[in-house]
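Visitor: Thanks for showing me around today. Could we look at the model together and take it piece by piece?

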Amino acid sequence: LMKPIITLFFVLLSSVLFPQQEDLTYLSSGGKLKPLQAIMDIRHYDVNLDVDIANRSIQGNTIVTMNLSKSTDTILLDLVHLLKVNKILVNKKAVAFEQKEDKIYITASNSFKAGKQMVDIHYGGVPPVAVKPPWLGGFTWSKDSSGNDWVSINIQKEGGRMYFPCKDHPSDEPNEGVDMRITVPKGLVVAGPGLLQKTTHQKNKSTYHWKTNYTISNYCVLFNIGKYKVVKDSYTTINGNVVPVEFYVLEEDTMHAKKLIATKIRDTKILEKYFGEYPWYKEKIGTAEVPNSGMEHQTMITFNNKFEYRKIGNEDYSDNLFHEYAHEWWANKVTNKDWAHMWIQEGIGTYAEALAHYDLGGQDAYDKIIAAWKRSIKYKKPMVGGEELSEDETYAGNDIYTKGAFFMHSLRYLIGDDIFFPTIKKLSTDPQYTYDNFVTSKDVEELFSGAVGYSLKPFFDFYLRTTKTIEINVKENGYRTFVIKPTNYIMDLPLDIIINGKIEKVKLTKDGLTVTSNTTPIVDPKGFYLKTVTIQ
């Protein structure tokens, strides 16, 4: 009897100390860029926070350095309303402000002139708690199995505003990087982006200064806290650069570190083969163990699958580890200008898994995962549903992952390996598409069209902007004679057909084609297209 009473007591105590937060699921990063923010070019974030784990609160300031393209009487930044601003300085002078609906309106007595502005926001409070990390984000206040505090942050859906003032839109990243100075109770370790500059110990606290000089998505501007041990190695990239490999692993799990690092190095070789040099070789290949599913946080991806692996061929493989790592190329280096084109990072990042399956397990392993993705497609909404969309408006189920990956599989067949692989590597290495620059579906389509020498726009539009499948009719119109014809023509397509037991590659045009066969021809037997075949 006493045990249920004691449990109830602690449940009630917890509800008093940490009351349930209001529903924040309406928050979604991106969307239509506001005019007040369209004139802002974010150059740098400097995030300085003291994390009070006992009270699940944060206190400190963030300095946002920006360039204004023209003068304005208002600077608009995003910050969740749960965190209260108490002071703002612009170029070290106090200014007026108003917090309203997860936004900060900063006003000047005259105006803020075009050019550089340093906006220093002092704030604090209890940040949102993650409801279902990493998909519904915020802070996760947890403990490891030894009872040590363990804190993670996930903010892809809601954006950086969940805990620091920012311009919350995917089209603007801090070109000059980010500094983070995070203070935690002494004995705990902070894992962050870039390189660790300095650790300062006070009486009961420690401050970790992390710095990245690279441009970075604001949902990757975050940190994780734990009783970590840092296990290190190094890797020489495909271009001969030596980069540190660091795993921030819980002390209780250090026995798993060596295998994870070896797996990460092997995966790096696979990803470099197809997509070019590891993007952040001037900083590190980092991983942090967290209490929730992993995420693609730049130079410090997060990971938690209980260190379970499955076999691909004769090799141990982790889906979660590889997928999040592939995002270092597809999301972090090649970045969508708008969440409407999220399929680029998720679809190509997922397709990278199929290439890993091929390298580790051969063609059968590749075919198996492609077939599984094909079966899982729901066709609920187009992968590209417009322009200037929020993360919520684009993200619906897994189609941007699985249909996006299958689209790359179809495109590869359509244009052939000799064009496909050099072109996808160009997309992941050319400065036009990487780092400070952003991409849309049109950019990807025009790149591949240029490579193949004719317009692929009909094919891209069909896969990305509709939920249709290619419809093909096979009709017997005479003795051993069959007419194969598309009923919703897109463009002329290469097509495999089994005729008299042998695969023949033909071109399917608007008018179709007639074949002679002792048996009903089998269209696209290996499943290169998303299609519906009717036989008459």
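Visitor: Which residue just after α7 takes a positive phi?
Guide: Elements here are DSSP runs numbered from the N terminus, helices being H or I of at least four residues and strands E of at least two. Just past the end of α7, a positive phi of about 90° belongs to Gly416.

Visitor: What pLDDT do local features need in this model?
Guide: Residues are numbered from 1 along each chain as its sequence is written, and side-chain values use heavy atoms, with hydrogens and water left out. The model is predicted, so side-chain atom pairs count only at pLDDT 80 or more, totals for chains, interfaces and linings use all residues, and local features need a pLDDT of at least 70.

Visitor: How many of the residues of α7 are buried?
Guide: Buried means under 20% relative accessible area, exposed means over 50%, and partly exposed lies in between (1.4 Å probe, protein chains only). α7 is largely enclosed by the rest of the structure, because its buried residues number 17 of the 17.

Visitor: What is the volume of the largest pocket?
Guide: On a 1 Å grid over the protein atoms alone, a cavity is a set of points where a 1.4 Å probe fits but cannot get out, a pocket is an open set with protein on both sides within 12 Å along at least five of seven lines, and lining residues have an atom within 4 Å of a point. Grid points are joined across faces, edges and corners, and a volume is the space filled by probe spheres set on the points. For the largest pocket this gives about 530 Å³.

Visitor: Which residues lie closest to the centre of that largest pocket?
Guide: Two or more lining residues come from each of α4 (319–326), α5 (343–376), α6 (391–394) and α7 (399–415). By class, the lining has seven nonpolar (Ala, Val, Leu, Ile, Met, Phe, Trp, Tyr, Cys and Pro), eight charged (Asp, Glu, Lys and Arg) and nine polar residues (the others, Gly among them). Of the 24 residues in the lining, the closest to the centre are Trp135, His323, Glu324, Tyr395 and Tyr401.

Visitor: Which residues line the second largest cavity?
Guide: The largest cavity, about 130 Å³, has four nonpolar, nine polar and two charged residues in its lining. The second largest cavity, about 50 Å³, has seven nonpolar, one polar and no charged residues. Those residues are Ile470, Pro486, Asn488, Tyr489, Ile490, Met491, Leu493 and Leu508.

Visitor: How many disulfides does the structure hold?
Guide: A disulfide is a pair of cysteine sulfur atoms within 2.5 Å. The sulfur of Cys166 has its closest cysteine sulfur in Cys220, 13 Å away, so the two are too far apart for a bond. Both residues are buried, Cys166 at 0% relative accessible area and Cys220 at 1%. The disulfide count is zero.

Visitor: With which residue does the side chain of Asn48 make a polar contact?
Guide: Asn48 is found in strand β1 (residues 40–52) and is buried at 15% relative accessible area. A polar contact is a pair of N or O atoms within 3.5 Å; within protein, one must be able to donate a hydrogen and the other to accept it, and residues adjacent in sequence count only if both atoms are side-chain atoms. At 3.3 Å, the side-chain partner of Asn48 is Arg181.

Visitor: What phi does Lys306 take?
Guide: Most residues other than glycine have a negative phi. Lys306 sits in the loop between β19 (301–303) and β20 (310–312) and is exposed, at 62% relative accessibility. Although not a glycine, Lys306 has a positive phi of about 60°.
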